[in-house]
Amino acid sequence: MDYSFYGWEQANVPAVTKDYPKIETPLDLYDALSNVWCKDTCAPRMQKDWSKDNKTLGQCSITAFLAQDIFGGKVYGIPRGGGNYHCYNVVGDCVFDLTSEQFGDEVLSYADQPQQLREVHFAKEEKRKRYEYLRQELKRYLENETQTGYCSWGRVNERMQIYHDTEWGVPVHDDRTMFEHLMLEAMQCGLSWDLMLKKREIFHKCFDAFDFDKIALYGEDDVQRILDTEGMIRSVRKIRAVIGNARCCQEIREAYGSLSNYFWTYSDHKTILYKGHGEGAVPVSNGLSDRISKDLKKRGFRYVGPVTVYSHLQACGIINDHDKTCPCYRKITEHYPTVEKQQDLEVM
């Protein structure tokens, strides 16, 4: 799953309790809560604005104190006016804010803020009840996960579930789909993956269903056409990157026979099963994605950093990072050639 909450890169502190099965780091908690946060757990004054697309709205204090239950540390608050505080967690040197996404591009200050005490917050009956409800729903969700086995991010919403069940991790061997996966990951930089899926039809319309031969012929009129398309991400740099990357794909095809062959050469045409990944120790990048990223950049590609490339390798099935308890893991290992490998310079 792709993360964008504050501090996610260092959010690897271990749980101090076993009361919440499968919650080992704050990333796991975020994944699980993404399926639990709802209008009923949102602060009453914000409930009218809560939506699945803004799932962290009004969830900060009850989430922060729940995270404290699981990981220890302290809760601090950023003053927001009207006597309200936006709560976040500090565990040792690790600072993370599971609900920061509600603020969009606003930059929050996490330095030298006052500590928050649960007895003060939970003196408000409605907040205490929301906390208890969130805690109960999280445990119910985890019990269901433990019984059925599934990649937790795949249950965020229907779009994500369909993508998880039918596409993510299924080996791709045609160039158009390979290019689409790579460009969706590139355009996702700084945004959520759910948003990419939501806008996928718009991307298809703008970029000729990701036919890179057609895209390679685009000129300035096409850049403006894409920018003017309703619902399109209005990033000139990303649009130009897709066009430039399409031209680079033509050169790779000339050298390797196909874009697909280029990528699969790195894994000897087998899906890689890295040690520990099936148990949840999944990195954001590794040595393989770093090597491919460097080579792509030498060839003129843009928006293809090691994290983006790692996500692409997961999506197109070169790496199988489904949980071992997930049915999709077994489908892939049973129907496609695989190779087991040790971890490779992994960045968590």
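1. On a 1 Å grid over the protein atoms alone, a pocket is an open set of points where a 1.4 Å probe fits, with protein on both sides within 12 Å along at least five of seven lines. Grid points are joined across faces, edges and corners, and a volume is the space filled by probe spheres set on those points. The model under review is predicted: local features need pLDDT of at least 70, side-chain atom pairs count only at pLDDT 80 or more, and totals for chains, interfaces and linings use all residues. Residues are numbered from 1 along each chain as its sequence is written, and side-chain values use heavy atoms, with hydrogens and water left out.

2. The second largest pocket holds about 910 Å³ of space. It is lined by 37 residues (those with an atom within 4 Å of a point), of which Ser4, Glu101, Gly190, Leu191 and Ser192 are the closest to its centre. Helix 7 (residues 193-198) supplies the largest share of this lining, with four residues; helices are DSSP runs (H or I, at least four residues) numbered from the N terminus. By class, the lining comprises 15 nonpolar, twelve polar and ten charged residues. Here Ala, Val, Leu, Ile, Met, Phe, Trp, Tyr, Cys and Pro count as nonpolar, Asp, Glu, Lys and Arg as charged, and the others, Gly among them, as polar.

3. The whole structure contains 18 aromatic pairs, defined as rings of Phe, Tyr and Trp (its six-membered ring) with centres within 6.5 Å. The ring centres of Tyr3 and Tyr30 are 5.8 Å apart and their planes stand at 70°, so this pair is edge-to-face (over 60 degrees). Because Tyr3 lies in the segment before helix 1 (26-33) and Tyr30 in helix 1, the pair ties together parts 27 residues apart in sequence.

4. Tyr256 and Tyr262 form another edge-to-face pair, with centres 5.1 Å apart and planes at 80°.

5. In helix 10 (residues 220-228), Val223, Ile226 and Leu227 are buried. These residues cover an arc of only 100° around the axis (taken from the directions to the C-beta atoms), which puts them on the same side of helix 10. The face turned away from that buried side carries Asp221 and Asp228, both exposed (over 50%).

Note on methods
Helix = DSSP H or I, 4+ residues; strand = E, 2+ residues; numbered from the N terminus. Phe/Tyr/Trp six-rings, centres within 6.5 Å; stacked < 30°, edge-to-face > 60°. Buried < 20%, exposed > 50% of the residue type's maximum accessible area, 1.4 Å probe, protein only.
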